[in-house]
Amino acid sequence: SSRSWFVLQAVLRTRLPRIHTFHANMQGDQWLTASEALGVLHELRGAGLDADIDLPRICVVGKQSSGKSSVMEALTGISLPRAAGTCTRCAFEISTRKSSKDFSCAISVRCQVDGAESNEKLSLVTMDNPAELPSMLTSAQRLLLNKELLKQRWADIKSGSKGFKDLLADLSQDEANVELFSRDVVVAEIGGKAFTDLELIDLPGLIQSVERDEEKDLISLIEDLCKSYLEKPNTLIAMCCPFNDDMENQAVRMIARRHDPKGQRTVGVLTKADLLQKGTESEWLSIVRNAKFELYHGYFVLRNPSQSELDSSVTSDQARDNEANFFNHDQLGRLLFDAESDRCGVVPLRRMLSDQLCNLIRQELPGLRTNLQQKLRETELRLHDLGKVSAGVRCATDHGQSEYTDWDMQYVSDHGHNQDMYHGLGIVHGMFSPCRWPWSSCILLCVVVATSEVVPPEYARIKLLASVKQIERGLVDAVEAKGDAPFPLWSEVRSCYGKFREACYKARPRFTIEKEELDDHDLLPRETVTVVLRDWDDCWALCSSLSATQRVERDVIVNSQKVPKGFSHTGRTWTAFPSVVKGCHMSGKFAYVRADSIAEAHKKWNHEAWRICANPPEGLLGEGLAYFTYMWCPGTPMIFPVPVKFEMAPEDGTFSFTIPDIRDRIDAAFGRELNLPGGPAGYRAAQQVVKEAQQRWAQPADLCVKSVAQQLLQHTQTLVKHVVGKYPDLQSKVMELLQALLCELKTDLVKRKDQVLLDLEGAPDLYTQNDHFLKDSFNQGQQHIRQSLQRTIQMQKLSTEEKTSLRALLAKAGQQVEDLYAPDPRDDAIWCMAVAHAYHKVSFKRFCDMLPRTVDDALLPAFVTRSTQILVGGLQVMEAGNHELQKWFIEDDNSRRLRQDLEAKLARQTTGLEMLSAGLKVVQR
């Protein structure tokens with residue numbers, strides 16, 4: 001057949017690998033005629049299925065003034081709107097069908113109005129005069145651009161009470177609300193004796209600049225719209241490229257390539273053939289032959305009407321005659337025709353596009369049906385979640401689930417309620433094993449699986465109880481972190497506890513001795529990073545980012561390990577460079593020496609640690625080159641690899657104490673007692689320091705209680721909205737009851753928090769049974785203080801042999817080096833500081849555990865336990881009559897609109913599935 005011969009020609013002509021094809025299997029039992037294939041597509045798109053599945057389409061795209069409009073007119077045989085500037089500001093979907101009439105056209109729009117779930121097709125006007133078509137298409141586009149007017153007149157147009165032509169006056173008078181651009185679609189369905197079966201989508205012309213500043217967003221808006229069409233796999237791209245612009249410079253080619261990198265879905269349409277510039281013929285002939293900028297479907301050459309011909313209203317037939325004369329008689333036209341005779345003119349292009357679209361339809365029908373079936377199931381599930389009408393209920397107990405029909409609701413009473421009270425609900429006493437609720441009035445056994453849009457009075461009590469139960473289960477799962485992860489409420493609560501601990505840590509007393517602080521890093525978990533130094537290059541890379549206190553000043557990567565800014569060195573103490581070296585100059589975080597002193601410096605420090613310094617500081621004495629090194633070293637001598645540990649340093653607090661500060665407090669607390677270390681005055685001073693820190697915990701504790709309560713409230717609001725959100729009155733009442741309960745529990749929790757902080761942790765005496773931890777902390781603190789004050793044996797001044805000998809002698813005498821220290825007049829302050837530091841650690845750890853446990857006991861489980869009782873009583877579930885309870889189930893406008901939209905979507909998808917099934921039957925006939 002001619003169709004088969006055309007396909008064979010296309011296969012032989014292209015030079016690209018056959019990786020992808022739109023050609024369907026053309027055996028006799030798998031063939032849809034072109035008319036049948038386009039008919040299926042036309043019906044699917046007409047039903048609005050384009051919003052649900054990726055229907056095959058041909059998109060004509062090109063820059064403004066590329067001749068794209070002339071291509072559309074040539075392919076469809078109709079006249080389109082023309083104007084200076086950007087004329088097309090939405091997508092135009094134009095389908096042509098051969099029919100027995102001379103001409104007929106139906107214009108409609110597909111658009112979203114008032115937050116609808118998907119595009120809805122709205123018929124505007126039908127006509128039999130082709131001269132009216134351009135103006136009607138322009139008016140339809142103006143309607144889409146005037147969203148406010150479209151929203152106001154939507155119901156009138158849909159019902160037919162007001163015709164499209166009646167709106168034309170409103171459109172001309174209301175220019176203020178016109179938008180620049182619309183993602184909605186104008187649809188023109190055209191039939192006639194002279195037309196070929198074809199369906200095209202005309203996209204707005206790409207632009208690179210605008211005249212007015214208020215239109216600057218139009219550039220990106222048009223590109224985004226083209227992207228939304230071209231990126232879909234079932235889109236065949238008709239790329240319009242004029243001969244009077246270099247192919248390398250054409251933005252449309254880059255956009256098509258971005259969405260179709262291998263050129264398998266793109267056909268090149270070379271326009272304005274009569275404007276080909278002299279001297280570029282060879283370049284363009286390579287493109288025409290598909291030897292350059294190769295595309296799977298190759299290129300077609302068109303001659304567009306000139307501006308003078310357009311001004312004289314050239315007809316479609318005249319334009320085709322002019323095109324034929326150009327290729328037959330013009331020297332340039334003959335050159336192009338001789339290169340690819342069967343690819344010159346609009347006729348072979350139209351035939352190729354029609355065949356490719358038909359083949360794509362045939363090929364994709366089974367996949368489209370599968371996709372639509374999945375979409376249909378998703379819509380049904382969403383409708384089910386909204387409460388689609390169903391006669392089934394599910395018995396939900398701790399012992400499993402059973403299905404029941406005819407709205408049989410079963411309850412049993414554990415307090416001997418009158419069975420007649422539930423007679424209207426069809427209750428059968430004692431039918432099932434009970435599932436106990438935390439409230440005592442009754443036991444619910446059945447939950448409604450699906451509810452109707454309007455709950456019948458006799459089932460209102462059932463649904464209300466089911467909703468309360470669902471809220472209870474949601475709260476239990478959230479508070480106890482049950483079910484499937486993640487657990488957002490518990491994650492937020494844990495975050496509140498962590499922030500509380502951090503705030504208490506910032507309020508700690510900081511004990512400073514000779515610019516060093518007592519170690520309290522075990523009070524707060526910190527992020528740690530260990531970096532392994534392989535050589536001196538790694539060491540220098542690390543040290544260049546450290547401050548003089550070994551704190552990371554900027555992010556640094558050493559041996560593929562990142563050490564973030566703000567981390568501080570921890571672990572064994574680094575060795576400080578001895579400043580007594582002759583000629584040494586200390587400045588900032590570096591030590592500097594000249595060449596005449598470097599030999600002595602090498603004796604004190606690894607020689608590899610030194611680098612030549614190009615800009616030595618002022619004050620550096622000596623002769624020769626300057627050398628410098630970081631003033632601290634992880635070890636000397638350095639034996640690689642060397643692990644170095646860093647940890648995230650918390651924000652510093654502001655409550656600092658020195659030995660003189662503690663001494664002053666002891667003096668102020670002195671009474672009639674002996675002046676000895678560890679006496680009553682030192683104890684009272686330590687008490688005072690600890691109590692002041694405990695008082696500073698009050699604000700973090702208050703904030704923790706408020707934060708946890710707020711997180712519980714927010715989660716409850718989300719849960720309640722999910723369960724009864726479509727019933728505004730019920731949602732409001734449920735939240736009113738639960739907020740009142742939360743406020744009551746929060747007040748009780750504040751009292752318990754004060755009791756824990758003031759009466760228990762804040763008791764006058766210092767007490768703990770954790771003696772082991774207290775003594776270890778006290779001994780470590782006292783030893784650290786004395787070492788900082790140099791009131792212990794300075795082991796670093798001894799040689800290795802001397803250190804070994806001393807330890808052996810002390811061990812023989814039953815002592816350790818750490819136990820030896822020299823008496824000091826500050827011993828009372830040292831003892832007091834060590835006591836306050838040690839007991840604060842004990843108290844801090846205890847309170848940071850006690851408060852979260854108190855919150856967890858007094859607020860979270862209590863809220864869950866009491867919520868059901870509060871809701872059942874506050875909503876009068878068991879007291880009110882059926883009609884009174886039914887008033888809670890009045891659906892809000894958003895839910896009602898969503899339901900209507902989903903029902904329309906379901907109907908559309910069901911219809912589309914029937915169409916696809918019918919099309920497949922034709923294929924398989």
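The model is predicted, and its largest nonpolar core holds 73 residues, while a second, separate core has 65 residues. Helices H14 and H25 are roughly antiparallel to each other.

**Nonpolar cores**
- Within the largest nonpolar core, the residues that touch the most other members are Ile107, Leu124, Leu133, Val186, Ile190 and Leu353.
- Helix H13, spanning residues 346-386, gives the most to this core, contributing 13 residues.
- Isoleucine 190 touches, beyond four places away in sequence, a set of residues including Ile78, Ile94, Phe103, Cys105, Leu133 and Phe195, together with Ser95, Thr96, Arg97 and Ser104.
- The second, separate core includes Leu489, Leu523, Ala701 and Val877.

**Leucine 523**
- Leucine 523 lies in the loop between strand E16 (516-517) and strand E17 (528-533), and it is buried because its relative accessible area is 1%, against a cut-off of under 20%.
- Leaving aside residues up to four places away in sequence, leucine 523 touches Arg501, Tyr505, His840, Lys841, Phe844 and Lys845.
- Glutamate 502 is 21 residues from leucine 523 in sequence, and their C-alpha atoms are 9.3 Å apart in space.

**Helices H14 and H25**
- Helix H14 (residues 457-479) packs with helix H25 (residues 860-874) at an angle of about 175°, with the axes 10 Å apart; angles over 145 degrees count as roughly antiparallel, and the pair is therefore described that way.
- On the H14 side the contact is made by Leu465, Val468, Ile471, Glu472, Leu475, Val476 and Val479, and on the H25 side by residues including Leu860, Pro861, Phe863, Ser867, Thr868 and Leu871.
- By class, this contact has 12 nonpolar, two polar and one charged residues.

Terms used: Residues numbered from 1 in each chain as written. Predicted model: local features only at pLDDT ≥ 70, side-chain atom pairs only at ≥ 80, totals over all residues. Heavy atoms only, no water. Axes fitted to C-alpha atoms, helices over the stretch in contact; angles between N-to-C directions. Helix = DSSP H or I, 4+ residues; strand = E, 2+ residues; numbered from the N terminus. Parallel < 35°, antiparallel > 145°, perpendicular 65-115°, else oblique. Contact = heavy atoms within 4.5 Å. Nonpolar A, V, L, I, M, F, W, Y, C, P; charged D, E, K, R; others polar. Buried < 20%, exposed > 50% of the residue type's maximum accessible area, 1.4 Å probe, protein only. Core = buried A, V, L, I, M, F, W, Y, C linked by side-chain atoms within 4.5 Å.
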